[in-house]
Amino acid sequence: MDRADVGALVQSAVDGDAAAWKALVEGLSPLVWSVVRAHRLSDADAHEVYQTVWFRFAQHLGRIREPHKAGSWLATTARNESLKVIRGWQRLTPTDDPHLLDRVSEDRTPEQSLLDSEEAAAQSERVRRLWQEFEELGERCRQLLRVLMASPPPSYQEVSAALGIAVGSIGPLRQRCLRRLRARLDARGAS
Amino acid sequence: MNHIDNGDNGSNGDNRAAGADDGFGGESVLDEAEFGAGLLEEELRQAAAILDPVPPELRRLAVDAYALHDLDARLAELTFDSLVDAIPVRGATDVPRMLTFRTGELSVDVEVTAHGLIGQLLPPQPARIEVLGGPHPAAPATLTADTMGRFAGELPRTGPFALRLRTGGEVVVTEWMRA
């Protein structure tokens, strides 16, 4: 979302404009969801983190110092709350089993929701392949791309806040990850 | 939406066509590489919209959360969370979560256990406390802190919670937390 717009919408929402708040939710909730999903939270945990982030944003609305950076505020909060969930798992189990971090949602597989979507029927095979190759990318690339694919596209400042990586490294890393994904798709197509 | 060049992020000083990535030569090659990358990213964006969209019920909850925008209450911010600020004892599992919220002179210590919550107001004082569970409170559970500032009660089964305290003439609400 355009940052000037975000700043103006936050100000209007502070002044009591519910439509402005709704526009903020429309424009920024895909970013929040992407950050949560980038951290591979289960459905239940992802829902709780998402709610916590938005409830807290509503509380802080009139207190946010830089309203035009509300997207970064949301991304940072979503990241911190996601990391707390992951710390909670580690605390519950004495191991450092990295597979724990790979816990994904079990109640709804991508394949199922794909079948649910008529819109996707025509190109479902292509989308399915793309998603599978994306899921199998290294963790760093998978995380970055999951945040970048929020709609509307996040700014690099928001991506930086979401993942705790320097703004300057996002461009090169993005290029590399997309190139790697392209190579995997091409290799698969050729075989 | 076609944001291949990410032109809507005008203030994003670092444009996405940031090349200098590796051995590419002329600019046209770079542009072409960026064009391809932009297309692939857009394809991923469409795939995410189909395979992993924001669940509609969550979007609605976020819209409804506007009701939680409460300027009359003082906000007690989280200043300690054992999940972040405490080093776990080796081998200790199932340790209770300890949270501290502060605003001005008032602090609220909360311990979350499997059975609910136990709390302490400092400085010690009586209070009426509502346990909020979201933007649509059916009828929030109400607790009472005694003259020593102690309180205990249950938490919502799922979802984040916040405490709304009335002490003396004041209303204080804690930041929303996942238990």
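1. In this predicted model, chain B carries an open sheet of nine strands, ordered E6-E5-E8-E9-E1-E2-E3-E4-E7, with mixed pairing. The edges are strand E6 (141–145) and strand E7 (150–153) of chain B, each of which pairs on one side only. From one strand to the next, the twist averages 25°.

2. Within that sheet, strand E8 (residues 162–167) of chain B and E9(B) run antiparallel to each other and share four bridges. Arg166(B) is placed opposite Val171(B) in E9(B).

3. Chain B also meets chain A. The contact draws on 66 residues from chain B and 72 residues from chain A. About 6,300 Å² is buried between the two chains, with carbon and sulfur atoms giving 58% of that area. On the chain B side, Leu51(B), Tyr66(B) and Arg178(B) lose the most area to chain A; together they make up 12% of what that side buries.

4. Nine salt bridges are counted between chain B and chain A. One of them joins Asp52(B) to Arg146(A), where the closest N and O atoms are 3.1 Å apart.

5. Several elements of chain B each supply at least two residues to the side that touches chain A: helix H1 (27–51), helix H2 (56–64), strand E1 (74–81), helix H3 (82–85) and strand E9 (170–174). H1(B) gives the most, with 13 residues. By class, this side of chain B has 34 nonpolar, 14 polar and 18 charged residues.

Methods. Residues are numbered from 1 along each chain as its sequence is written. Chains are lettered from A and ligands numbered from 1 in the order in which they are written. This is a predicted model: local features need pLDDT of at least 70, side-chain atom pairs count only at pLDDT 80 or more; totals for chains, interfaces and linings use all residues. Side-chain values use heavy atoms; hydrogens and water are left out. Contact means heavy atoms within 4.5 Å. Buried area is the accessible area (1.4 Å probe) that two parts lose on being put together, summed over both. A salt bridge is a side-chain nitrogen of Lys or Arg within 4 Å of a carboxyl oxygen of Asp or Glu. Ala, Val, Leu, Ile, Met, Phe, Trp, Tyr, Cys and Pro count as nonpolar, Asp, Glu, Lys and Arg as charged, and the others, Gly among them, as polar. Two strands pair if DSSP finds at least two bridges between them. Axes are lines fitted to C-alpha atoms, for helices over the stretch in contact, and angles run from 0 to 180 degrees between N-to-C directions.
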